[in-house]
Amino acid sequence: MMLACVPTAAMAQDAAKPAIETRAKEVLLVDGETGTVLLQKNPDAPFPPASLAKMMTMEVVFEAIASGEPLLDTEFPISVHAWRTGGAPSGTSTMFADVKSSVSVGNLVRGAIVQSANDACIALAEGIAGSEEAFAELMNRRAGELGLKNSHFVNPTGLPAEGQHVTVSDLVVLARHIRSAHPELYEIYSAPDFTWNKIFQRNRNPLLKLGIGADGMETGYTEASGYALLGVTDRDDRVTYLAMSGLASAKERSDEARRLLEWADQSFAIRRLYRKGAVVGSAEVFGGETGSVPVAAPKEIAALLPREEGERISARIRYDGPLSAPIEAGATVASLDIMVDGEAVLSEPLVAARAVATGSFTDRAAGAVSELALGWLRQF
C-alpha cells in the first residue's frame, strides 16, 4: 500500500469511475464494522424522505423509552387528527387503530416499524411531545446531536411537507446508531408481520424475504424522488448498510438493493491495516525541539477493501500542517485516509506517538524559515 503525507491544503484526486454502476440517483453503501465506504453516489444530495423519516421518529421514541418515560405498556390515545391524517380514512400506510381508542407504546412502535403506520407515528408524537410540531423539534434537536448534517424534519411520518429532507449519508449514520444503541427495539425491524384490529399486514421491507441476511430497516416513496430504501444485512458476521433513493419502481428498488448488497458481500474482504499503537508515518512540526513527530494509530485500523486490489489501494496522512509545538503525546493531530481508486473510503484519526516540547529560539527561527519556504511552495 502506498502511503503519502499531505497537508490539508493539497488538492484531492478526482474520483475514478465506480467499480459498479447503479440506477439509483443517490447511494451510500457502508461496511458496518469499519465504516468503510464501498460505494457512493451523491451521498449528500437532499431528497424528500417519505417514510424514511420514521427512522428519526423511532430514534426519538427509543431514547424516550430508554429514559423510562414512556414505558412500553403506557397507552396513548388515537386522536381524531392521528386517525384522519394517518389512519383508515387517510389512504396512507396505517395500522388501522380506531379513533379515540388507546394503544400501548409497544404496539404503536410495532405498527410504526412493521406497517410503517402513520397513525402510530402521530399518536407517539402527540403522546410524547403534545403535537407533531413539537415532536419535530425534538427530531431536529436529536438529529443535530447525532451529527446528521443535511437533514431536516417537519413531521414524524414523512408525509409531504415543505422543507423536509434527508441524505443517504445521514440515513446511514442514523441507522448505525439505532442498531447499536437500541438492539432490543431494533429487532422489531425484522418482524415479518403485525396484526392490529384483526387486520394482518406483512413487513413492508422487501429485503427481508430475499434470503440475504436482511434485518432492517425502512422504505419510502415520493413522486418527487422516486423509490427509496435503507437496508441492513447481517451475513456471516458482516453487517452492511445501504441507503438509496431515486429508483423508478418498487421492483427496481428491490432488485437494485439485492444486486448491490450481494456485490458488496462477494467483492470485498476485511484487511487489518495497522495494530493499535503502530506508527503510521510522521507530521511536520513548527517551533518544536524537533521538526517532526511520529503519528500512530490510537486503535486497530481495519478496512473492507476490494478482493482484487492491484494498484487501486493507497493511503495518505492528512493534517493541518505544520503542527505547532508544544504537542502532547496521544493528542489527535492527523487523519489517515484509505483510498480506493483515488477516493477516500475510510478516514481514521492519528495521534502523536510522543510529545514534542517547544524548541529553543534557534529551533523556532529555523522552523520559521522552513515553514516560510514550504508555505510559499504549497501555494503553487
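Is Asp-236 buried or exposed? Select this residue to begin: Asp-236 is exposed, because its relative accessible area is 71%, where buried means under 20% relative accessible area, exposed over 50% and partly exposed in between, computed with a 1.4 Å probe on protein chains only.

Before the next stop, note that this is a predicted model, in which local features need pLDDT of at least 70 and side-chain atom pairs count only at pLDDT 80 or more, while totals for chains, interfaces and linings use all residues. Residues are numbered from 1 along each chain as its sequence is written, and side-chain values use heavy atoms, with hydrogens and water left out.

**The loop between E9 and E10**

Asp-236 belongs to the loop between strand E9 (226–235) and strand E10 (238–247). Helices (H or I, at least four residues) and strands (E, at least two) are DSSP runs, numbered from the N terminus. The phi angle of Asp-236 is near 55°, a positive value in a residue other than glycine. Now select Asp-237, which lies in the loop between E9 and E10. Its phi is near 65°, again positive in a residue other than glycine. Asp-237 counts as exposed, with 76% relative accessibility.

**Two cis peptide bonds**

Move to Gly-216 and Met-217, where the connecting peptide bond is cis, with omega near 25°. Met-217 is part of strand E8 (residues 214–222). Next, select Gly-321 and Pro-322, which are joined by a cis peptide bond with omega of about 0°. Pro-322 lies in the loop between strand E15 (313–319) and strand E16 (323–324).

**Helices H1 and H3**

Two packed helices are described by the angle between their axes and the distance between the axes. Select helix H1 (residues 53–66) and helix H3 (residues 105–114): their axes come within 11 Å and cross at roughly 160°. Axes are lines fitted to C-alpha atoms, for helices over the stretch in contact, and angles run from 0 to 180 degrees between N-to-C directions. H1 is therefore roughly antiparallel to H3; angles under 35 degrees count as roughly parallel, over 145 as roughly antiparallel, 65 to 115 as roughly perpendicular and the rest as oblique.

Which residues make the contact? Display Lys-54, Met-58, Val-61, Phe-62 and Ile-65 of H1, together with Val-105, Val-109, Ala-112 and Ile-113 of H3. Contact means heavy atoms within 4.5 Å.

**His-182**

Select His-182, in the loop between helix H6 (168–181) and helix H7 (183–186). His-182 is buried, at 6% relative accessibility. Apart from neighbours within four places in sequence, His-182 is in contact with Glu-59, Phe-62, Glu-63, Ala-66 and His-177.

**Aromatic pairs**

The whole structure contains four aromatic pairs. Rings of Phe, Tyr and Trp (its six-membered ring) pair if their centres lie within 6.5 Å; planes under 30 degrees apart count as stacked, over 60 as edge-to-face and the rest as tilted. Select Phe-194 and Trp-196, a stacked pair with 6.4 Å centre to centre and 20° between the planes. Phe-194 is buried, with a relative accessible area of 9%, whereas Trp-196 is partly exposed, at 23%.

Finally, select Trp-263 and Phe-268. Their ring centres are 5.1 Å apart and their planes stand at 90°, so this pair is edge-to-face. Trp-263 and Phe-268 are both buried.
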